[in-house]
Amino acid sequence: QLGFKYKDTKILLTNQAHFDHAGALADIKKETGAKLYADAGDAPVLKDGGKSDYELHYLGVAFKPATPDRLLKDKDVIKLGDTRLTLLHHPGHTKGSCSYLLDVKDSAKTYKVLIANIPTIITDKSFSDIPAYPNIRKDYAYTLQAMKNIRFDLWVAAHASQFDLHEKRQPGDHYNAEAFADQKGYDAALKKATEAFSSHK
């Protein structure tokens, strides 16, 4: 229904090494033979299935371990056919959280699309009380600033609620790429994340 054959999957990517993002990676990798590319910061957590996550380690192995075939760093380019995605290293939520930029062309124009990893805070602990992630405060500050400087035409995120997907597109709606321009929505999401960061101990 999505317009491609499952078995033709060649590359797997994720925004972060949490079970709701990485839970199926190991199975898809095995079933398709696809290569898993991951931000180097999340590689250890992917390899142990979440066991070493700084906050969610209490879950034990939260998802099937998945070993990356290629480790990525900020501004690395992932190529497949005519598609080019640029990884943006946006740590904080996890050590290897990341966003992606790519050009998408329709019959009318070419759009620069941001797949954003909104840097929400998932811990109630003071940042200074997280020895497993000593740079967490610095990483959040870096990411929030870096995301304010991104230029794009359209944006989406990993969670529908973060970019109001169900308000922007209803089942049966005609194609309308411009519905996902929404700079104001992006700015509001970052403002909310920044306020949460500023008020966190």
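A polar atom of the side chain of H93 lies 2.8 Å from the backbone oxygen of T120, where a polar contact is a pair of N or O atoms within 3.5 Å, one able to donate a hydrogen and the other to accept it, and residues adjacent in sequence count only if both atoms are side-chain atoms. The model is predicted: local features need pLDDT of at least 70, side-chain atom pairs count only at pLDDT 80 or more, and totals for chains, interfaces and linings use all residues. Residues are numbered from 1 along each chain as its sequence is written, and side-chain values use heavy atoms, with hydrogens and water left out.

- H93 belongs to the loop between strand 5 (83–89) and strand 6; helices (H or I, at least four residues) and strands (E, at least two) are DSSP runs numbered from the N terminus.
- With a relative accessible area of 6%, H93 is buried (under 20% relative accessible area; exposed is over 50% and partly exposed in between, with a 1.4 Å probe and protein chains only).
- Apart from neighbours within four places in sequence, H93 is in contact (heavy atoms within 4.5 Å) with Q16, H18, Y54, N117, T120, I122 and Y140.

**Aromatic rings**

- There are eight aromatic pairs in the structure; rings of Phe, Tyr and Trp (its six-membered ring) pair if their centres lie within 6.5 Å, with planes under 30 degrees apart counted as stacked, over 60 as edge-to-face and the rest as tilted.
- The pair of Y54 and Y133 is edge-to-face, because the ring centres are 5.2 Å apart and the planes stand at 65 degrees.
- Y54 lies in the loop between helix 3 (43–47) and strand 3 (70–72), and Y133 in the loop between strand 7 (110–116) and helix 4 (136–148), so this pair ties together parts 79 residues apart in sequence.
- Y54 and Y133 are both buried.
- F163 and F180 form a tilted pair, at 6.3 Å centre to centre and 45 degrees between the planes.
- Ring pairs join F152, W155, F163, F180 and Y186 into a cluster.

**Helix 4**

- The buried residues of helix 4 include I136, D139, Y140, T143, L144 and M147.
- These residues cover an arc of only 130 degrees around the axis, which puts them on the same side of helix 4; the arc is that of the directions from the helix axis to the C-beta atoms.
- Strand 6 (98–105), strand 7 and helix 6 are what the buried residues of helix 4 pack against.
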